[in-house]
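Subject: Model handover and what turned up in it

Hi there,

Here is the structure I promised to pass on.

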Amino acid sequence: HIFEKKSEHNPISIVCSPQQYKYITIMRDPISRVYSYYQMSKNHSLTPGHILAKKSLTDFLRFSWQAKNLYCQYYTGNVGEIVDREMFLKAKENLKDFFYVGDFKTYEKSFKELCSKLNIEINNIPHANTGKYESISNEEKLLIKHYNQFDVLLYNEFFKEKLNNKT
């Protein structure tokens, strides 16, 4: 089955550039992504950041590499590295060469577009890992944004440019 689950998240390969290989991704607003991951980690003892998440959001953000600019890490293939402006620019450059980039805000539409681009007919749109969490406070948003400045910038710039290119 084409949508058989192997792994949800895989970084690009440093040796297989997006200029030569077809990468796809569905991007989620980084603040929502990190908050969701934090809530999941807090509630499930088997996740890598569980102990940190149980302490506090601040501890989780400070000490969990998965909660800091993960998009820039994954879109450059430099997982676990500290993200700087150079890595952000490389992630942005790579993302422009992806075969498909969808927006989690419009998941159904994005998934249908991807299927169309791949000439796949699909009736049911799979969507795993849906969770209900308490609302995020403005203080929590600011804290997450502080630790994810480059991912927020990448997300906002990419979808702004994508919108501008369609008009």
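Below are the ground rules, followed by what was found, going from the overall fold to single residues.

This is a predicted model, and local features need pLDDT of at least 70, side-chain atom pairs count only at pLDDT 80 or more, while totals for chains, interfaces and linings use all residues. Residues are numbered from 1 along each chain as its sequence is written, and side-chain values use heavy atoms, with hydrogens and water left out.

**Overall fold**

The protein has eight helices and two strands; these are DSSP runs, with helices being H or I of at least four residues and strands E of at least two, numbered from the N terminus. Along the sequence they come in the order β-α-α-α-α-α-β-α-α-α. Of the 167 residues, 38% are buried, where buried means under 20% relative accessible area, exposed means over 50%, and partly exposed lies in between (1.4 Å probe, protein chains only). The protein exposes about 10900 Å², and carbon and sulfur atoms supply 51% of that area; accessible areas come from the Shrake-Rupley method with a 1.4 Å probe, and for residues only the protein chains shown count as cover. Contact means heavy atoms within 4.5 Å. Among contacts between residues at least 6 apart in sequence, 64% join residues at least 24 apart.

**The two strands**

Strand 1 (residues 24-27) and strand 2 pair in the parallel sense over four bridges; two strands pair if DSSP finds at least two bridges between them. Ile24 stands opposite Tyr100 in strand 2, and Met27 stands opposite Asp103. In a regular strand the side chains alternate between the two faces of the sheet. How are the faces of strand 1 covered? Thr25 and Met27 form a covered face, while Ile24 and Ile26 form an uncovered one. Strand 2 (residues 100-103) is covered on both faces, with Tyr100 and Gly102 buried on one side and Val101 and Asp103 buried on the other.

Helix 6 (residues 107-117) has Tyr107, Ser110, Phe111, Leu114 and Cys115 buried. Seen down the helix axis, these buried residues fall within an arc of 135°, so they line one face of helix 6; the arc is that of the directions from the helix axis to the C-beta atoms. They pack against strand 1 and strand 2. Asn119 follows helix 6 with a positive phi, near 55°, and is found in the loop between helix 6 and helix 7 (138-147). Asn119 is exposed, at 73% relative accessibility.

Asn69 also deserves a look: its phi is positive, about 50°, although it is not a glycine. Asn69 sits in the loop between helix 3 (57-63) and helix 4 and is buried, with a relative accessible area of 7%.

**Nonpolar cores**

A nonpolar core here is a set of buried Ala, Val, Leu, Ile, Met, Phe, Trp, Tyr and Cys residues joined through side-chain atoms within 4.5 Å. The largest has 20 residues, of which Met27, Cys72, Tyr75, Leu95, Phe98, Val101 and Leu154 touch the most other members. Helix 4 (70-76), helix 5 and helix 8 (149-166) each supply at least two residues of this core. A second, separate core of 12 residues includes Val34, Tyr35, Phe60 and Val152.

Leaving aside neighbours within four places in sequence, Tyr75 is in contact with Ile12, Thr25, Met27, Ala91, Asn94, Leu95, Phe98 and Leu154.

Lys92 is found in helix 5 (residues 85-96) and is buried, with a relative accessible area of 17%. Which residues does Lys92 contact beyond its neighbours within four places in sequence? They are Leu154, Glu157 and Glu161. The side chains of Lys92 and Glu157 are joined by a polar contact of 2.4 Å (a pair of N or O atoms within 3.5 Å; within protein, one must be able to donate a hydrogen and the other to accept it, and residues adjacent in sequence count only if both atoms are side-chain atoms).

Pro18 is in the segment before strand 1 and counts as buried, at 5% relative accessibility. Not counting residues up to four places away in sequence, Pro18 touches Ile12, Tyr23, Asn94, Asp97 and Phe98. Pro18 and Lys96 are 78 residues apart in sequence and 8.6 Å apart in space, C-alpha to C-alpha.

Best wishes
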